[in-house]
Amino acid sequence: MALFPQRFIDDLKQQADIVVVIQDYVSLKRTGANYKGLCPFHGEKTPSFQVNRDKGFFHCFGCGVGGDVLKFLELHEKIGFADAVKLLAQRFGVPLPEMEQSDEQRANAAERETLLKVHEAAAAWFRQQLASNAGIRIRRQIEHRGVNEATSAALGLGYAPTNRDALKSALLQQGFSQATLLRAGLVVQREDGTVVDRFRNRLIIPICRDTGSVIAFGGRAVDPDQQPKYLNSPETPIYSKGRTLYGLNLSKNAIRQRKFAILVEGYFDFAQVYQAGFQGVVASCGTALTPQQAQQLRRFTTKVVLSFDPDAAGQGAAAKSCEMLVAEGFAVNVAVLPAGDDPDTFIRKRGSQGYAERLEHSTPYLEYLLDRAAANHNLNTDEGRVKFLGDMLPVAGRIPDAAMRDRFADRLAFKARVTDDVVRAEIRRAVVQRQDTFTRREVPSFGQVTKAEKGLIWLLVHQPEDSLEALAALDGVDFEGLAGRRILDLAQKLNEDKGFSPAALFERLTDADVQLVTAIASEGEAHVRDAHDCVRILKRLRWERERGAIQREIDRLQEVGALEGEKLQELLVRKYDVIQRIEALI
Ligand SMILES: [Zn+2]
């Protein structure tokens, strides 16, 4: 990891107002000393996401996530610490310090740079081929598919001619090495050692990052018997299929403005929907959406509309995408199309007006599922109702928002004609089963933290001077067994080095511990208001623990009949000493 000087990071965090940064993504309202909004990390209808501007941290009481401004960017943009620092510096116009990079980092950065350049050059070359005489047949095909020139240009469509190595020659001539072309997946090495173009006689669709840089290509067959129908770039250091959402570079602004995204499957669905004036569209490109792609989308909206062919619904990729999006907290609607139609064919037949109507009459996905499942089972029989519930309960268990889950339970109970208590109990069981595998369990639960610890941690963030002085009276043994021991221990060490600040805590603790700190610090006031009281209670707890241990040892000795002897005497003396200490602390 590239390391920035600590002073630079401190200065940057001073300048970067956490409220301003988070407001780029979440709309926040001021409530007293804090700002509140809907958590971007889990689906919710009532705000439990809080930002404390003065102390520079955020915390969500719903899902427990929390940290400083850099942590927010790391989580929200799915980037590492170094990239979060860069992004934040860029946002506030702070110049980055000269970086000391390792040779390896320099090499990686240089390689990615070269790969981006070669994709740019290849995209330009493919476009030229499409515009040339060689591309005339393909231009007609595009036109025939109802894609006009403006859309073709917006998508950057191109043509890879039939020659074995026309692209290779062109790019080598521009100074790119064969190794780069291989690494980019633009050429492939055959068994006999010859290196030829990957895409030959194909319509080329550039795949871009949301910034617009070309990072891969899709190649569509242009002859009826040509196989495969679609050929894609392989995964490369700059391209990961599961993390790229096709079209986001063209649609992100419209998605943000309209507050929802239309999700389609193929490139031509995208082209038609986009051309029909619905510019907030993205394509999953035939496979089910991944959680990483959902994260990409979440930066712009949490509402998605899918167009369904009712025949394909329920099995295919679209259904899987819906389920995943619901589980990720998205509001998902379904616009059902006539049987056999996809958005591409539908819009070409019925025009944009017809499609707009379908979008308008889209239904929430969960409703749609209920209706469809209800239609598939005979709800007049016990057997049918049991099967129907069996289909729907796992779906319900994956709904992340409790209020939404309750509404679903009501509808489910109504359809299945059982009491909603039964359905709710079953759903709760489904939710618990799901949460067993949930990583959030690594975070010590709030209840495990003693009030004194909570008090001390709260005060460390809000009134560091007093609490640090009080904390100095504790030692390592006092922290043993406490849920907050790593936090208190680090605070003490930082203080000894004269380097304590809440920001330093956020930076050096593990994510789970940071979440514990932000959870406690987001409370309106300290559970125990005086740091010295906290320290006294923690000391007492430590001696109570010790007394317990001594007593257990005494019990054990008595059990084995060693009623006299030095060992027992010694224990009794220690026990008396400990009791004295406890009493002194009351
Ligand atoms: Zn949350």
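Begin by selecting Lys-259, which is found in the loop between helix 10 and strand 12; here helices (H or I, at least four residues) and strands (E, at least two) are DSSP runs, numbered from the N terminus. What you have open is a predicted model, in which local features need pLDDT of at least 70 and side-chain atom pairs count only at pLDDT 80 or more, while totals for chains, interfaces and linings use all residues. Residues are numbered from 1 along each chain as its sequence is written, and side-chain values use heavy atoms, with hydrogens and water left out.

Stay with Lys-259 and look at its backbone: phi is positive, about 70°, although the residue is not a glycine. Most residues other than glycine have a negative phi, and most peptide bonds are trans. Lys-259 is also exposed, with a relative accessible area of 61% (buried means under 20% relative accessible area, exposed over 50%, and partly exposed in between, with a 1.4 Å probe and protein chains only).

Next, step back into helix 10, residues 248–258, and colour its buried residues, Leu-248, Ser-251, Ala-254 and Ile-255. Viewed down the axis of helix 10, these buried residues fall within an arc of 135°, so they line one face of the helix; the arc is that of the directions from the helix axis to the C-beta atoms. An α-helix has 3.6 residues a turn, so residues three or four places apart point the same way. Turn to the other side of helix 10, and you will find Asn-253 and Gln-257 exposed. Now show what the buried residues of helix 10 pack against, namely strand 12 (261–264), strand 13 (281–283) and helix 12 (291–298), where contact means heavy atoms within 4.5 Å.

From there, move to Arg-298, which is found in helix 12. Is Arg-298 buried or exposed? Arg-298 is buried, with a relative accessible area of 9%, and, leaving aside its neighbours within four places in sequence, it is in contact with Pro-40, His-76, Glu-328 and Phe-330.

Select helix 3 (residues 69–77) together with helix 4 (residues 81–91), which pack at an angle of about 110° with their axes 9 Å apart; axes are lines fitted to C-alpha atoms, for helices over the stretch in contact, and angles run from 0 to 180 degrees between N-to-C directions. Helix 3 and helix 4 are therefore roughly perpendicular to each other, because angles under 35 degrees count as roughly parallel, over 145 as roughly antiparallel, 65 to 115 as roughly perpendicular and the rest as oblique. Show side chains here, and Val-69, Leu-70, Leu-73, Glu-74 and Glu-77 of helix 3 can be seen to meet Phe-81, Ala-84, Val-85, Leu-87 and Leu-88 of helix 4.

For a further backbone stop, select Gln-227 and Pro-228, which are joined by a cis peptide bond with omega about -15°. Pro-228 lies in the loop between strand 10 (214–221) and strand 11 (230–232). Then go to Arg-417, in the loop between helix 17 (402–416) and helix 18 (420–435), where phi is positive, about 55°, although this residue is not a glycine.

Finally, zoom out to the whole protein chain, which has 26 helices and 16 strands, and whose C-alpha atoms fill a box of roughly 100 × 70 × 55 Å, taken along the principal axes. Of the 586 residues in the protein chain, 47% are buried.
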